Amino acid sequence: MDRHVVVSSDCHAGLPPEQYRDYLDPQYRELFDQALPIQISEMQRMSKMFLIADINAQWRIGREDDLAGAWDHDTRLRVLDADGIAAEVIFPDGITEMNTPPFGAGLSLPVEERIVPELQWAGARAHNRWLAELVAMAPKRRVGVALCPALWSVEEAVREVEWARDNGLGGVLLPCLWGRLDAYHHPKYDPLWSACEDNEVVVHFHSGAAPMEDAFGPIASPDGVHRPGAMGIYISEVVWWCARPLTFLIWGGVFERHPRLRVAVTEGTTIWVPEYLTLLDQRYEETHYSAKLGDYRSHLSMKPSEYFARNVAMGASCMPRREAELRHAIGLHNIMWGSDYPHPEGSWPHTRNQMLETFAGLPEAEIEAMLGGNAVRFYGLDEAALQEIAGEIGPEKRLFRNAAAA
């Protein structure tokens, strides 16, 4: 075929906030009515606090119709077709469209004391029910990622994994931060990992959560003090928080006990991967430096980098040229390109040009792997169906050759 099959490993969708009411269990709707104005007001305040309100407002001008693809099936297909994207992995949305799920069940799935676990689960299930409907409208083209606040209850999480698979969703999103709760190397999570293996559901960690008060100061009751570099601190460290669960899964032996478990880390860049794996392998192999620390590796039969190569994929959102040039050090077959639609930091509506800037001149088979082939394999997508779609909308392979020659 003369066109690439493109799969975005990172897209977002969510209902206009008031519409989540219909997807909640009835006993939570009265409380939802009371909480919704507070939620919207809080998101508007956060948007101003993080200095993105004006940028978002300017960026939206002239794009309002296409941004409705955050919840509208037909608009979404039109936008993704124009971007050349045959299939997508769909995470919940958030501050940009003010369409985060209710009761703290957003992308970060916080575990702070203000969160009521029962309500967060209710908000997550409301989103998951709607997401299942959206996916069912184009099941060959959409991988839905269900919200799963697993840290509160492993039993509930196992049930949600099974519900997700029964309702056509291919992944679950787990919190990156666990606060005072048990981290992911705790043996109590083994039933969750087994459920994900047995139901072929991919575990996801998505960038966004971080101890934000360290950078920005008190958030619930701001003190009015400007802290220079707060955003720089946040965007530098948020990558580390997003990747941190991997360290616990690898050293905790989770991939040793669950060799079929698949984990995706999304929108956290990939440039840190070579140094990260070098560090973990050094701690695994050069034990004479750490002999006094006891036996912390005999439960692992492989090096950390080997578990990473087998079990982990990186959702490389808005991937710059530098990451493509590091592809062999990162792991060519672990990289999955993503557009981050409909977020302003994503590649839309300039996706086709950004693809050329990132991949022009690279070996065709390697471009094919990073743009879509790796995601097709990792998520078990219907390759023949996607090739047929890409035959109409996919970016032409000759463009990547021509751009390099120009």
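**The chain as a whole**

The structure is a predicted model. Its chain contains 18 helices and 8 strands. The radius of gyration is 21 Å, close to the 22 Å that the globule rule gives for 406 residues, so the chain is as compact as a globular protein of that length. Along the principal axes, the C-alpha atoms fill a box of roughly 60 × 55 × 50 Å.

Of the 406 residues, 55% are buried. The accessible surface of the chain comes to about 17,700 Å², and carbon and sulfur atoms account for 52% of that surface. Contacts can also be sorted by distance along the sequence. Among those between residues at least 6 apart in sequence, 78% join residues at least 24 apart.

How many of the 6 residues of strand 3 are buried? The count is 6 of 6, so strand 3 (residues 142-147) is largely enclosed by the rest of the structure. In a regular strand, side chains alternate between the two faces of the sheet. On one side of strand 3 are Arg142, Gly144 and Ala146, and on the other are Val143, Val145 and Leu147; all of these are buried.

Strand 7 (residues 312-317) is mostly covered, with 6 of its 6 residues buried. Both of its faces are covered: one holds Val312, Met314 and Ala316, and the other holds Ala313, Gly315 and Ser317.

| Strand pair | Bridges | Direction |
|---|---|---|
| Strand 2 (residues 87-92) and strand 3 | 3 bridges | parallel |
| Strand 6 (residues 263-266) and strand 7 | 4 bridges | parallel |
| Strand 7 and strand 8 (residues 335-338) | 4 bridges | parallel |

Glu88 has Arg142 of strand 3 as its bridge partner. Ala264 has Ala313 of strand 7 as its bridge partner. Ala316 stands opposite Trp337 in strand 8.

**A loop residue**

Where does His186 lie? His186 is in the loop between strand 4 (171-173) and helix 7 (190-198). His186 and Asp2 are 184 residues apart along the chain, and their C-alpha atoms are separated by 48 Å.

Key: Residues numbered from 1 in each chain as written. Predicted model: local features only at pLDDT ≥ 70, side-chain atom pairs only at ≥ 80, totals over all residues. Heavy atoms only, no water. Helix = DSSP H or I, 4+ residues; strand = E, 2+ residues; numbered from the N terminus. Rg over C-alpha atoms; globule rule 2.2 N^0.38 Å. Buried < 20%, exposed > 50% of the residue type's maximum accessible area, 1.4 Å probe, protein only. Contact = heavy atoms within 4.5 Å. Areas by Shrake-Rupley, 256 points an atom, 1.4 Å probe, with all protein chains shown as cover. Pairing = 2+ DSSP bridges.
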